[in-house]
Amino acid sequence: MTLDRFLSLSLCSLLVLSLPAMAEVKQPSVPEAVAEAVKRLDVAQPKEARKALDPVASKASENASLALAMGRLLEMEKKTDEALGLAKKARELSPSDPEAAAVLGEMLLRANKGGEADDAFKKAEELSTKILEGDAKNSSARLSLAIAQQRLKKFEDAEKTLAKLREDEPANVQALYRTGINYVLQQKWPEAVDFFTKSIEKDGGWAYAYYYRALSQEKLGKKDQLVNDMNRFLKLAPDAPEASRAKQIVQAAKR
């Protein structure tokens, strides 16, 4: 071996040895991916939710929480049939989970399948009530119960359910936000505004609280507040399914 060849090989060896070991890219676990995606879906950020779920999406047919999160994402992406399919899969995989029934019910309602939606809400009510009988502090079951009661037009029952949740967990943003929705469904606009404001005070990133507070402000004839809230919603959630409607509302209010 020539001296030049030896020196060349030696230099290559030294360079290889000096390179830092490449860090392995850690794939998120399914629970980690779902937790991140749900956080993003709750505040209407589908693109971020998609990034969280894509690495584990292939496992949706075998994991109820993943199937449910994927279903919510696909609905936001306006892929209604696929979304409903995954939500129904989540119900099959976890038939005793009231959240899966409540989420499916809301999807069916938005897909104009009222009869099926009512069946899902009744099941959510039944399952959550059963859980709460044995675990009165189960906040997930209590929230699912409230959603089911709202959609079944049991507004007084829903308010009692949400009041208990607010008492148990004063910082629970969902409890405050859902109370606002309960008042929207009853067309009680000042009360709705009050609770959406309270949810925003707890979490200023809760995009849908701005959206529904804006709609409530519109009913009260407060155009300035309507425009401000819709613009905040659009800033927080530019990719939300409601974004185009929000823009139209803002444009109409400015005329």
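This is a predicted model: local features need pLDDT of at least 70, side-chain atom pairs count only at pLDDT 80 or more; totals for chains, interfaces and linings use all residues.
**Notes on helix packing and a few residues of interest**

1. Leu 86 belongs to helix H5, and its relative accessible area of 18% falls under the 20% limit, so Leu 86 counts as buried. Between the C-alpha atoms of Leu 86 and Pro 31 there are 17 Å, with the two residues 55 apart along the chain.

2. Two packed helices are described by the angle between their axes and the distance between the axes. For helix H4 (residues 64–76) and helix H5 (residues 80–93), the angle is about 160° and the axes are 8 Å apart. The angle is over 145 degrees, which means that H4 runs roughly antiparallel to H5. The crossing of H4 past H5 is left-handed.

3. Which residues of H4 and H5 meet? H4 brings Ala 64, Ala 67, Leu 68, Met 70, Gly 71, Leu 74 and Glu 75, while H5 brings Glu 82, Ala 83, Leu 86, Ala 87, Ala 90 and Leu 93. Sorted by class, this contact of H4 with H5 holds 10 nonpolar, 1 polar and 2 charged residues.

4. A second pair is worth a look: helix H8 (residues 139–151) and helix H10 (residues 173–185) cross at roughly 5°, and their axes come within 10 Å. Since that angle is under 35 degrees, H8 and H10 are roughly parallel to each other. On the H8 side the contact is made by Leu 143, Ile 147, Gln 150 and Arg 151; on the H10 side, by Gln 174, Arg 178, Ile 181, Asn 182 and Leu 185. The contact of H8 with H10 divides into 4 nonpolar, 3 polar and 2 charged residues.

5. Is Gln 149 buried or exposed? Its relative accessibility is 7%, below the 20% cut-off, so Gln 149 counts as buried. Apart from neighbours within four places in sequence, Gln 149 is in contact with Glu 125, Lys 154, Phe 155, Asp 157, Ala 158 and Thr 161.

6. What does the side chain of Thr 161 make with the side chain of Gln 149? The two side chains form a polar contact at 2.7 Å. Thr 161 sits in helix H9 (residues 155–168) and is buried, with a relative accessible area of 6%. Residues up to four places away in sequence aside, Thr 161 touches Arg 142, Leu 145, Ala 146 and Gln 149.

7. Lastly, two backbone angles to check. Most residues other than glycine have a negative phi, and most peptide bonds are trans. Ala 44 has a positive phi, near 60°; Ala 44 is placed in the loop between helix H2 (30–42) and helix H3 (46–53). With a relative accessible area of 1%, Ala 44 is buried. For Lys 153, phi is also positive, near 65°, and this residue lies in the loop between H8 and H9. Lys 153 has 65% relative accessibility, which is over 50%, so Lys 153 counts as exposed.

Terms used. Residues are numbered from 1 along each chain as its sequence is written. Side-chain values use heavy atoms; hydrogens and water are left out. Axes are lines fitted to C-alpha atoms, for helices over the stretch in contact, and angles run from 0 to 180 degrees between N-to-C directions. Helices (H or I, at least four residues) and strands (E, at least two) are DSSP runs, numbered from the N terminus. Angles under 35 degrees count as roughly parallel, over 145 as roughly antiparallel, 65 to 115 as roughly perpendicular and the rest as oblique. A crossing is left-handed if the near helix is turned anticlockwise from the far one by less than a right angle, and right-handed if clockwise. Contact means heavy atoms within 4.5 Å. Ala, Val, Leu, Ile, Met, Phe, Trp, Tyr, Cys and Pro count as nonpolar, Asp, Glu, Lys and Arg as charged, and the others, Gly among them, as polar. Buried means under 20% relative accessible area, exposed over 50%, partly exposed in between (1.4 Å probe, protein chains only). A polar contact is a pair of N or O atoms within 3.5 Å; within protein, one must be able to donate a hydrogen and the other to accept it, and residues adjacent in sequence count only if both atoms are side-chain atoms.
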